[in-house]
Amino acid sequence: MSDETSLDPTDWEAFRTNAHAALDVAISHMETRKQSPVWQPVPAEVKQSLRAQLPRSGEDAEVLNARIARDFLPFGVGNTHARFFGWVHGSGTPEGLIPEMFAAAMNANLGGRDHVANEVEKQVIDWCVEIFSFPKTAGGLIVSGTSMATLIALKAAREKHGGLDLRKGGVTSAAAQLVGYTSQQAHSCIARSFDILGLGQDALRSIPTDAAFQMDTDALHAAIRQDLAAGLQPFCLIGTAGTVNVGSIDPLDELADIAQEFGLWLHVDGAFGALAVLSEKLKPRLKGIERANSLAFDFHKWMHVNYDAGFVLTRDDEDQRRAFSERPEYLEGATRGLAAGNPWFCEYGPELSRGFRALKVWYHMSRFGLDRLGAKISENCDQAGALADVIAQTDGLELLAPVSLNIACFRVVRDGLGEAALDQLNSEIVVELQEKGLAAPSTTRINGKLAIRVNITNHRTQISDLKFLVENIVALGDALS
Ligand SMILES: *Cc1c(COP(=O)(O)O)cnc(C)c1O
């Protein structure tokens, strides 16, 4: 039985009215965001309503939109609020609604072929090459985030050093076991990439850090020499620009020297910190990043592009293409027509079909301009410094790590409480702040001590928000101890 009605609206005017109303709801949500709790738990009824049966037949758009407004919008992560300080989240912008709409209208697939969306992505790639002062040979790919970017970069590194035959023979066919190096403060996505690439997490050496949480380069030297003496093949060194715990930056220029000395691929995890190059004041701290073989970073963190969007930048575009390119007959290119536009983006990573993430990144950079985005980054670092000052001046608060960039790790201390009791107290304070919807820091451990961790990658945060946070932490410390 054939029903030749498409999925398009039968009544475009009704659709238009409904879509405009939905847009208004979304805009109002963002406009009034600060008046609502930073976070609130998803009510049991809402969770229950999401255990429904398969929707065999369709529902009215008005009904669905009303449900989203009532049941979904208020119960997000919280990162669109000025007092969200947990983990590392970007805060997004209302402007992000616009490219998302246009991207949906075009419904483009950026796996390849010859169409304008790919040109937009190429523009973003060129801009990234320029931002990080990479050479003309450089290229890259817009991806979901730094985890994916890291995987792609390390695959390129693996093949560059282990040989392209690894693509067929697997890692067991390598002449010698491939090993890599990163610091103890590195993000877990690096070890995960070692796992996924078949290298094994044990092949990633975890190098100790110094008092400033930067990689100890003497220990790095020693580890490389030991592996060489054991007949292994050191192939990559992974530095971090902005560690997730404390925001420290590895000595990138020195790492680049060491990578050169031993012929290693230098990868930099700059998930949020790399974009500090957009601030003239902070840029010198990232010296050496321009020497990396590859760099992974996120647009969705410190650039505030709405989730999700990250980037892998490689110094030599060809290294990345060789590690992934597969062109079976049904994906053959052409010099003319729609199948032209070589090379295709699907040759640069594991995904064939790819959405138009590039549009929101391009829009965001074009709309706000990199100077303003860089100024917001700089401002967040100043705010973290001001927070550290307030902590230092407040009785009963103790800073647990130096504030290097935009992250402050500290805790409430009270006389007579031992380490275990302090861990318990500070953990409880963070949960209370979150559950009361007042603010959302997260926790981590610094030298074994549980820390309240305030990460400021938030263009909405003001000093008054940080003062409010500290006041509430102190009050909760009193009430709970
Ligand atoms: C967030 C983060 C990652 C992972 O990035 P995703 O975009 O979440 O995949 C990796 N490294 C650091 C330092 C991070 O902060």
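Trp12, Phe15, Arg16, Ala19, His20, Leu23, Glu100, Met101, Phe102, Ala104 and Ala105 line the second largest pocket of this predicted model. A pocket here is an open set of points on a 1 Å grid over the protein atoms alone, where a 1.4 Å probe fits and protein lies on both sides within 12 Å along at least five of seven lines, and lining residues have an atom within 4 Å of a point. In this lining, α1 and α4 each supply at least two residues, and α1 gives the most, with 6 residues.

The largest pocket is lined by 38 residues, of which His29, Met30, Leu73, Thr80 and Leu97 lie nearest its centre. Two or more residues of that lining come from each of α1 (12-31), α3 (61-72) and α4 (97-106), the helices being DSSP runs of H or I with at least four residues, numbered from the N terminus. The largest share, 9 residues, is that of α1.

| Pocket | Volume | Lining by class |
|---|---|---|
| Largest | about 930 Å³ | 20 nonpolar, 16 polar and 2 charged residues |

Ala, Val, Leu, Ile, Met, Phe, Trp, Tyr, Cys and Pro count as nonpolar, Asp, Glu, Lys and Arg as charged, and the others, Gly among them, as polar.

Residues are numbered from 1 along each chain as its sequence is written, and side-chain values use heavy atoms, with hydrogens and water left out. Because the model is predicted, local features need pLDDT of at least 70 and side-chain atom pairs count only at pLDDT 80 or more, whereas totals for chains, interfaces and linings use all residues.

Note on methods:
Points joined across faces, edges and corners; volume = space filled by probe spheres on them.
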